[in-house]
Amino acid sequence: MGLLDTITYREMAKQHRPWPRAIVGDDGWRQAIERLADGRATLLGLWCDKTCVHMALLGERFDDIAVLSFDCKGGSYPSVGARHPPAIRLERAIRDLFGLEATSAPDTRSWLDLGAWDVRAPLGARRPAKTATPYAFLPAEGEGLHQIAVGPVHAGIIEPGHFRFTANGEHVVRLEQRLGYAHKGIESLMAFASLEHAGKLAARTSGDSTVAYSIAFARAVEAALQVTPSKRAVYLRALMAELERIANHFGDIGAICNDASFAIMHAQCGILRERILRAADACFGHRLMMDVVVPGGVISDIAADGPMQVRALLAEIRRTFPRLIELYDNTASLQDRTVTTGIVTADLARQFGAGGYVGRASGRGFDARRTPGYAPYGVLAFEVPVLSAGDVNARVWIRIREIEQSLSLIDQILSALPRGAIKAAVAGNGEVCEGLALAEAFRGDVLAWVRIDGEGSVARCHMRDASWFQWPLLEAAIEGNIVADFPLCNKSFNCSYSGHDL
């Protein structure tokens, strides 16, 4: 039974592809909330479009997606977060940006608005004057409790975010995050932008996942305009995505070990990451491969000697990486820090729809490349590694196994790389149309939803990072651990600030 079979809807939106968008009233909206609350669906996204709120749902088997739209008459809509906690921060962001209220919401504090904006709800219709109020952190009561405030400025080159610890001695009783410091108004900048300019903005939503974001945006545009990219372009996109994945995984593995005072792993993984970035630059003219993926395909082909350079890179990784894995696995002091530290339970991972290594380390085997899937992964052989321990160690091992799978995928891509054009023509078709797409970044699934006007410009675009559903789990993971283990837990999540803050 499909997602929409048990939801009452008024009509289907026209020109929304490839999955349906249904316009619902109070009954349909509440039915969808109940499906989320009882675990029969996963929240993929919740965003606003002027006076309309959209909710994307994923079916139990990960192969069914639907978008529901609710017209907020009177400026409000029934709270999703009241029954399904993963929606709470998304509702707070909608309130900050558009001024729409989630009725009976469990948390009405600001989220992205940190008090520096001149007006409230800058993307809303009314733009009321601003009244600054202090942020009220949640209280914690008990004997001997004290608070530790960390950030938003950190000791190192890192994005800004505030962490408020309540601790009893060294043991963390509560962690509360306050984010939004990396807000850059990307949704406002995308409105009325050309496809080219909007694509560049999408690529900069979270720079470490620039390829994945570009693929998600490009696929959403292609779905809306019914454009089919060439096979060569699709394979080149996958090659870039896998290079991006292993570069980030190597960086994370090294950084996690470094936070456990094992600097040699940090140095060795850093060398391999640098090798990947140099190979990417040699192949596609940019270390991060930024702005290469565009709607319709890719803007430039791989360099003539690119395949040779990538194969040399794979050989070096396969020669070096097994020794590093053995070093990690056989270092007792390192295992003592990572095993049983920062556990995320399977129930929480499932409830929050956690993607990437956070979800897969806690038993949730969702990978957008596999299901619902997208080209060329349907014809490539790979496994989705899943573990159940849910601790820092499991998140490291998921990264290790994903690197191994990506090496195999890159081999297959290079062997099967088709000849032909690299970009199809993309233009408006005279009609308003909408597209939705998922792409698997190294952190997990990235969602892109776009509305294109009749002239081929972006009327509205929303990008959702996997971190929206992972940040809250970090709060749960650190509870009961010691304060000194927070950097280790935090790095094992490596959530994006920029991708989250929009």
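**Pocket and cavities**

In this predicted model, the residues that line the largest pocket divide into 14 nonpolar, 10 polar and five charged. The lining of this pocket consists of 29 residues, and those that lie nearest its centre are I157, I158, N490, K491 and Y497. Two or more lining residues come from each of the strands β9 (145-150) and β10 (162-168) and from each of the helices α6 (231-259) and α15 (486-493), with α15 giving the most, four residues. The volume of the largest pocket is about 830 Å³.

The largest cavity, with a volume of about 100 Å³, is lined by 13 residues, among which L46, A93, I94, H462 and L502 lie nearest its centre. The elements that give two or more residues to this lining are β4 (41-49), α2 (88-98) and β16 (458-464), and the most, five residues, come from α2. Sorted by class, the lining of the largest cavity has 10 nonpolar residues, one polar residue and two charged residues.

Helix α2 also takes part in the second largest cavity, where it gives the largest share of the lining, four residues. This cavity holds about 50 Å³ of space, and its lining is made up of I88, E91, R92, R95, E101, A102, A105, D107 and T108. Besides α2, the strand β8 (101-103) gives two or more residues to the lining. Here the classes are three nonpolar, one polar and five charged residues.

How values were computed. Residues are numbered from 1 along each chain as its sequence is written. This is a predicted model: local features need pLDDT of at least 70, side-chain atom pairs count only at pLDDT 80 or more; totals for chains, interfaces and linings use all residues. Side-chain values use heavy atoms; hydrogens and water are left out. On a 1 Å grid over the protein atoms alone, a cavity is a set of points where a 1.4 Å probe fits but cannot get out, and a pocket is an open set with protein on both sides within 12 Å along at least five of seven lines; lining residues have an atom within 4 Å of a point. Grid points are joined across faces, edges and corners, and a volume is the space filled by probe spheres set on the points. Ala, Val, Leu, Ile, Met, Phe, Trp, Tyr, Cys and Pro count as nonpolar, Asp, Glu, Lys and Arg as charged, and the others, Gly among them, as polar.
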